[in-house]
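User: I am new to this structure and would like to learn how to read its features. Could you take me through them one at a time?

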Amino acid sequence: MSAANKPVFTRAPSGVVVAKPVALRLMQQERDELYEIARKENRSMSAQARIFFLKGLELYQSQQSA
């Protein structure tokens, strides 16, 4: 299969800006916990962190509008 015919695989959902990552600094215990959860969910650590961010953002926005 030539490079032009290779399927493009990405873990990021369509529309996610992959060229501009956001760094997230965690304590070692937090990182270990993220790693274990991501492993159990069969996700990358960044995909799992994005899910946690989205849940936290949802909670934040609901509290701001209350």
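Predicted model: local features only at pLDDT ≥ 70, side-chain atom pairs only at ≥ 80, totals over all residues.

User: Where is Q48 placed, and what is Q48 in contact with?

Analyst: Q48 belongs to helix α2. Beyond its neighbours within four places in sequence, Q48 is in contact with L34, I37, A38, E41 and R43. With R43 there is a polar contact between the two side chains, at 3.3 Å.

User: How much of the protein chain is buried?

Analyst: Of the 66 residues in the protein chain, 8% are buried. The accessible surface of the chain is about 6,400 Å², and carbon and sulfur atoms account for 55% of that surface.

User: How many helices and strands are there?

Analyst: The chain has two helices and zero strands. A loop between α1 (28–40) and α2 (45–64) holds N42.

User: What should I look for in the backbone angles?

Analyst: Most residues other than glycine have a negative phi. N42 has a positive phi, near 60°.

User: Is N42 buried or exposed?

Analyst: N42 counts as exposed because its relative accessibility is 71%, where the cut-off is over 50%.

User: Which residues lie nearest the centre of the largest pocket?

Analyst: They are V16, S46, A47, A49 and R50, from a lining of 21 residues. That lining divides into 14 nonpolar, three polar and four charged residues. The volume of the largest pocket is about 820 Å³.

Conventions:
Residues numbered from 1 in each chain as written. Heavy atoms only, no water. 1 Å grid on protein atoms, 1.4 Å probe; cavity = no way out; pocket = protein on both sides within 12 Å on 5 of 7 lines; lining within 4 Å. Points joined across faces, edges and corners; volume = space filled by probe spheres on them. Nonpolar A, V, L, I, M, F, W, Y, C, P; charged D, E, K, R; others polar. Helix = DSSP H or I, 4+ residues; strand = E, 2+ residues; numbered from the N terminus. Buried < 20%, exposed > 50% of the residue type's maximum accessible area, 1.4 Å probe, protein only. Areas by Shrake-Rupley, 256 points an atom, 1.4 Å probe, with all protein chains shown as cover. Polar contact = N/O pair within 3.5 Å; in protein donor to acceptor, adjacent residues only side chain to side chain. Contact = heavy atoms within 4.5 Å.
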